[in-house]
Amino acid sequence: MNGYLRVINALEIFKRPDSVIKVMSNSTRPVDISVKAKGDACCMIDVLYYFNQTSVALTQYTLSNPPFRRNSTTGELSFDPSSIPKEDLEKWVGDYKCRVSNKHESKVFDFIIVTEESNRQPITAAEASTGLWWIYILLGVLAIAIVFVVVIVIYKSNYPGETYQLEKTELKHHLNPEEDLLNQSFQEI
């Protein structure tokens, strides 16, 4: 009778890493893998990272040492492939799971970190679309050819050329203007 119900705001994740992250051993740029979430003010939010299907979360010590780097002021976590040798980088690529939770709710999502060969060049949008402009030119030429053929067919059907099409009334009265012209049977004016 004197109780009340308090509605707790749900967890909302507004920043998370991509599902597939490609890294190179010679890259000097760290990759941001931090998670930002907000929820109700009453509950503290925990963010735990798991590596390669293990049930034990990565410790704060592990997340503070290479290949990870944590910014102490913003709390952002990044994966820095240049901070470890290439052999050690292979140990840290794989499946990661991130669990964001408070005491009432939990959300889990996965991401993968894979290595990318340093000699491979990424495909740019200009290179990927080079084959399409040939298709557009071919379709344009085909459309022009179809329009040209239609115009010629319509022109020929309206102007049959040297033959004169006899009307029904001329056929009924046995008149033939072509023969009359050839025989010069019309009167000269």
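I shall speak about the sheet, the salt bridges, the cysteines and one annotated region.

A word on the source first. This is a predicted model, in which local features need pLDDT of at least 70 and side-chain atom pairs count only at pLDDT 80 or more, while totals for chains, interfaces and linings use all residues. Residues are numbered from 1 along each chain as its sequence is written, and side-chain values use heavy atoms, with hydrogens and water left out.

Let us start with the sheet. Four strands make up an open, mixed sheet in the order E2-E9-E8-E5. Strands here are DSSP runs of E with at least two residues, helices are runs of H or I with at least four, and both are numbered from the N terminus. Two strands pair if DSSP finds at least two bridges between them. At the edges are strand E2 (20-23) and strand E5 (46-51), each pairing on one side only. E2 and strand E9 (residues 106-115) run parallel and are joined by four bridges; Val23 has Thr115 as its bridge partner in E9.

I turn now to the salt bridges. How many salt bridges are there by this rule, a side-chain nitrogen of Lys or Arg within 4 Å of a carboxyl oxygen of Asp or Glu? The count comes to four.

One of them connects Asp80 and Arg69, whose closest N and O atoms are 2.4 Å apart. This pair links distant parts of the chain, with Asp80 in the loop between E7 and H2 and Arg69 in strand E6, 11 residues apart. Asp80 is buried, at a relative accessible area of 7%, whereas Arg69 is partly exposed at 41%. Buried means under 20% relative accessible area, exposed over 50%, and partly exposed in between, with a 1.4 Å probe and protein chains only.

Another joins Asp88 to Lys91, with the closest N and O atoms 3.5 Å apart. These two are three residues apart in helix H2, and therefore separated by about one helical turn.

Next, the cysteines. Cys43 is buried, at 8% relative accessible area, and Cys98 is buried at 0%. The whole structure has zero disulfides, that is, pairs of cysteine sulfur atoms within 2.5 Å.

Finally, an unreviewed UniProt entry places a "transmembrane region" at residues 133-155; such positions follow the numbering used here, feature names are shortened, and annotations may be inferred rather than shown by experiment. In the model, residues 133-155 are 100% helix and 0% strand, with the end C-alpha atoms 33 Å apart.
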